[in-house]
Amino acid sequence: MSSRTKAAASNHPERRHASVFAALGDRTRLALIGRLSCGERQSISRLTKGSRLTRQAVTKHLRVLEGAGLVMCSRKGREILFEFTPGPMEEAKTYLDEVGRQWEDALGRLKAFIAAHQG
């Protein structure tokens, strides 16, 4: 993600949340998040071990997760290590909690309206 895209996303929470939801909308990326959520940085080799996916496919998925801010990479010697960054997911959860509260409030108002207007 370019610095301009990151800056635009940071100014618009809906865009940040949308990129997180889009990144998590893929089974392979969800599995990668699951593997990385242990808190340990992992290489591409380790992430592809026991998988049918190629290193290139895993790298592509990791770049999508990185673009959404869910994964961060760093270099250690010749290896690139990836780690899960929970902040964007926590922000998305907070957003979903708020939307859920808004729906509950709206449903409560609707129920109260119906109750008030029934014979």
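The part I would like to follow is helix 5, from its own residues out to what lies against them.

Reply: The model is a predicted one, in which local features need pLDDT of at least 70 and side-chain atom pairs count only at pLDDT 80 or more, while totals for chains, interfaces and linings use all residues. Residues are numbered from 1 along each chain as its sequence is written, and side-chain values use heavy atoms, with hydrogens and water left out.

To place the helix, begin with the whole protein chain, which has six helices and three strands, where helices (H or I, at least four residues) and strands (E, at least two) are DSSP runs numbered from the N terminus. Along the sequence these follow the pattern α-α-α-β-α-α-β-β-α. Of the chain's 119 residues, 23% count as buried, a word that stands for under 20% relative accessible area, with exposed meaning over 50% and partly exposed lying in between (1.4 Å probe, protein chains only).

Helix 5 covers residues 55–67, and its 13 residues should span 18 Å at 1.5 Å a residue, which agrees with the 18 Å between its end C-alpha atoms; the expected span is 1.5 Å times one less than the number of residues. Its buried residues are Val-58, His-61, Leu-62 and Leu-65. Seen down the axis of helix 5, these buried residues fall within an arc of 100 degrees, so they line one face of the helix, the arc being that of the directions from the helix axis to the C-beta atoms. Gln-56 and Lys-60, on the other side of helix 5, are exposed. After helix 5 comes Gly-69, whose phi is positive, near 80 degrees.

What covers the buried face? The cover of the buried residues includes helix 2 (13–24), helix 3 (27–36), helix 4 (44–48), strand 2 (71–76) and strand 3 (79–84). Leaving out residues up to four places away in sequence, Leu-62 touches Leu-32, Leu-36, Ile-44, Leu-47, Val-71 and Phe-82. His-61, which is buried with a relative accessible area of 14%, touches Asp-26, Thr-28, Arg-29 and Leu-32, again not counting residues up to four places away in sequence.

The largest nonpolar core has 17 residues, among which Leu-62, Leu-65 and Leu-70 touch the most other members; such a core is a set of buried Ala, Val, Leu, Ile, Met, Phe, Trp, Tyr and Cys residues joined through side-chain atoms within 4.5 Å. At least two residues of this core come from each of helix 2, helix 3, helix 4, helix 5 and strand 3.

Two packed helices are described by the angle between their axes and the distance between the axes. Helix 3 and helix 5 pack at about 80 degrees with their axes 10 Å apart, the axes being lines fitted to C-alpha atoms, for helices over the stretch in contact, and the angles running from 0 to 180 degrees between N-to-C directions. That makes helix 3 roughly perpendicular to helix 5, since angles of 65 to 115 degrees count as roughly perpendicular, under 35 as roughly parallel, over 145 as roughly antiparallel and the rest as oblique. Thr-28, Arg-29, Leu-32, Ile-33 and Leu-36 of helix 3 make this contact with Val-58, His-61, Leu-62, Val-64 and Leu-65 of helix 5.

Key. Contact means heavy atoms within 4.5 Å.
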